[in-house]
Amino acid sequence: MTFQITIDGRPVPVTPGQTIGAALHAAGVRSWRTTRFGGRPRGLFCGIGVCFDCLVTVNGRPPERACLLEARPGDEVTTS
Amino acid sequence: MTYDLMTYDLVVIGGGAAGVAGALSAAQRGLRVALIDSGARLGGQYFRHPAVPPHPATSGLDRFVRQTRALSERAELLLGHQVWSVSREPGGDLTVHCVTTPGDGSGERPVEVRGRRLLLATGAHDRPLPFPGWDLPGVLTAGGAQALLKGNGVVAGQRVVVAGTGPFLLPVAAGLAAAGARVLGVHEANGGLGLARHPVLALAKAGEAASYALSLARHRVPYRPRTAVLAAHGGDRLEAVTVARLDRDWNVLSTRRVACDTLATGYGFTPQTDLGVQLGCDTRRDADGSPVLAVDDRQRTGVPGVWAAGEPTGVGGWRLAELEGRLAGLAAADDAGLAAAGESAAREAGAALPEVLVRRRDRMRAFARALLEAYPVKDGWQGWLRDDTLVCRCEEVPLSRLREAQDLGATDARSIKLLARPGMGWCQGRICGYPVACLAGEEPAPPRRPVVQPITLAALAEDLSAEPPTGGPS
Ligand SMILES: Cc1cc2nc3c(=O)[nH]c(=O)nc-3n(C[C@H](O)[C@H](O)[C@H](O)COP(=O)(O)OP(=O)(O)OC[C@H]3O[C@@H](n4cnc5c(N)ncnc54)[C@H](O)[C@@H]3O)c2cc1C
Ligand code: FES
């Protein structure tokens with residue numbers, strides 16, 4: 001009983017109730033943005049909404065914390 | 001919107017062990033209670049569980065889930081609501097300002113909740129220390145790895161190293177190993193004998209520690225006292241760590257490299273006190289120097305009508321958090337009863353709380369204090385940093401920029417922050433506040449954040465232009 005989201009068009013499986021961050025991490029995707037100055041890759045760090053490392057663009061909306069945001073079927077994640 | 005235009009007898013912020021126990025005991029005494037949490041489900045950090053079973057093996061979880069059912073029948077639950085500030089109305093009531101994002105795509109919207117009393121039960125977050133490569137993807141906080149597992153059923157990695165200090169490393173490593181990860185080692189920077197050496201600890205915690213030790217032994221996970229992860233290596237993700245043997249002050253004796261895909265690291269916890277500080281609550285130093293909200297025997301802060309329970313009053317784990325929450329809920333209910341009876345003098349003193357609960361709480365507090373003393377953060381970690389090691393991950397401030405600011409005359413953490421900008425980014429210093437204070441040779445200051453959660457300007461404008469809330473039936 002899983003559904004799919006995509007990251008840059010590639011499918012990622014999700015177990016209902018998982019966050020975007022957890023689903024990406026489980027699929028082996030460890031980063032989905034780069035930093036402003038150093039261009040360093042960033043993914044999950046604190047896992048509970050405190051550090052803001054995991055900011056993610058979903059369905060073109062302003063960046064949100066991937067570790068808090070529950071995935072919905074068909075969500076489109078784009079990386080920068 | 002102002003929730004229901006209703007003034008609650010008690011508004012609880014935080015739906016972990018402390019908040020749920022507090023809300024339930026007050027509601028059972030007849031108070032009208034609202035509980036607010038940013039998460040989608042109650043549970044907080046310890047009782048975190050996925051939307052769909054199977055639930056993680058968590059001692060006490062069944063009872064907690066029963067409590068949440070009882071609570072949902074007796075109190076208003078506002079989940080998915082992030083509190084960004086609390087203000088005092090002229091009449092003395094408190095207004096809790098939140099934002100929530102409904103699932104209909106309409107965007108973030110403000111919500112206000114009014115109460116006569118407030119219980120702060122906002123928990124704590126991990127306290128990682130910086131080291132070269134700590135911002136590589138694959139490096140997680142210990143709690144972050146735990147949250148992935150408990151909340152999402154996701155095992156953080158295949159070859160995992162666990163490092164830091166404190167008893168929390170044990171359940172994290174045991175959980176990962178039981179879920180199928182190969183845990184290459186638990187690196188405890190302190191002696192690790194702390195548990196046995198301290199008489200209080202030897203008595204109280206032996207059982208729990210022993211069961212984790214057994215589980216680690218079963219999965220052949222080595223537990224290595226006086227070792228630490230000094231550096232993380234990799235291109236765009238973690239590939240290896242440098243593990244060091246340490247002396248008692250955490251200076252490096254020797255190093256070796258360990259190939260891994262994941263590191264879970266944490267050096268204790270930072271209590272979330274910002275809403276209390278915003279309201280003007282007094283703080284005190286906990287045994288590890290952390291600023292925590294000062295409370296009296298009845299869990300009252302120095303600000304009238306404001307109680308606090310759980311980690312914001314000092315890190316002590318979920319059992320103590322639950323007990324403090326229960327006592328705070330009872331004390332708030334007494335306060336409401338005495339207020340209704342017009343007994344202002346009795347209200348000041350407060351009615352007696354159940355002696356057994358008070359004694360148990362005090363014992364658990366002594367135990368928590370002893371644990372903090374057994375697992376201190378030693379200054380030696382500052383020697384693990386290189387000039388280009390990021391201290392602040394958000395603003396990407398390396399150690400060299402901090403040192404430059406110090407050379408320019410910024411001697412305290414506040415001036416360093418103004419000059420070099422650590423702590424000025426998205427996380428508002430939650431992650432780098434502690435290390436920056438240590439590097440400046442200070443104890444961390446109570447966090448001053450006028451807005452404790454980021455909110456959109458649109459939601460803020462809507463909140464400011466809202467009609468002044470009219471008191472509901474009360
Ligand atoms: C990531 C993490 C994982 C942990 N895992 C374990 C574990 O597995 N085992 C263990 O023994 N201990 C664990 N701990 C330690 C934990 O702090 C305590 O065991 C216990 O959860 C404390 O209970 P509490 O009620 O004080 O706080 P918490 O359980 O932290 O609950 C606080 C709640 O307040 C909410 N909150 C905070 N600020 C706001 C706000 N501004 N607006 C809305 N809601 C807010 C949070 O969403 C949270 O649900 C963990 C800690 C962390 C940080
Ligand atoms: S991982 Fe820290 S905010 Fe999401």
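## Reading the model

Residues are counted from 1 along each chain as its sequence is written, while chains are lettered from A and ligands numbered from 1 in the order in which they are written. Because this is a predicted model, local features need pLDDT of at least 70 and side-chain atom pairs count only at pLDDT 80 or more, though totals for chains, interfaces and linings use all residues; side-chain values use heavy atoms, with hydrogens and water left out.

## Where chains A and B meet

Let's start with the contact (heavy atoms within 4.5 Å) between the two chains. Chain A puts in 33 residues and chain B 42 residues. The size of an interface is often given as the accessible area lost when the parts come together. Here the buried area, meaning what two parts lose with a 1.4 Å probe on being put together, summed over both, comes to about 2900 Å². Carbon and sulfur atoms give 55% of that.

There are 21 residue pairs in polar contact between chain A and chain B, both residues being at pLDDT 80 or more. A polar contact is a pair of N or O atoms within 3.5 Å; within protein, one must be able to donate a hydrogen and the other to accept it, and residues adjacent in sequence count only if both atoms are side-chain atoms. On the side of chain A that touches chain B, α1 (20-26) and β4 (41-42) of chain A are the elements giving two or more residues. Helices (H or I, at least four residues) and strands (E, at least two) are DSSP runs, numbered from the N terminus. The largest share, 3 residues, comes from α1(A).

## Around ligand 1

Ligand 1 sits between chains A and B.

An N or O atom in the side chain of B:Q146 is 2.6 Å from an oxygen atom of ligand 1. For B:K150, a polar side-chain atom lies 2.8 Å from a ligand 1 oxygen atom, and for B:E311 the distance from such an atom to an oxygen of ligand 1 is 2.8 Å.

## Salt bridges

A salt bridge here is a side-chain nitrogen of Lys or Arg within 4 Å of a carboxyl oxygen of Asp or Glu. Over all chains the structure holds 25 of them, and 5 cross the interface of chain A and chain B. B:R393 pairs with A:D53, their closest N and O atoms being 2.5 Å apart.

Within chain B, B:R32 forms a salt bridge with B:D9, at 3.3 Å between the closest N and O atoms. B:R32 lies in the loop between α1 and β3 (33-37) of chain B and B:D9 in the loop between β1 (2-8) and β2 (10-13), so the pair ties together parts that are 23 residues apart in sequence.

Note on methods
A residue is near a molecule or strand if one of its heavy atoms lies within 4 Å of it.
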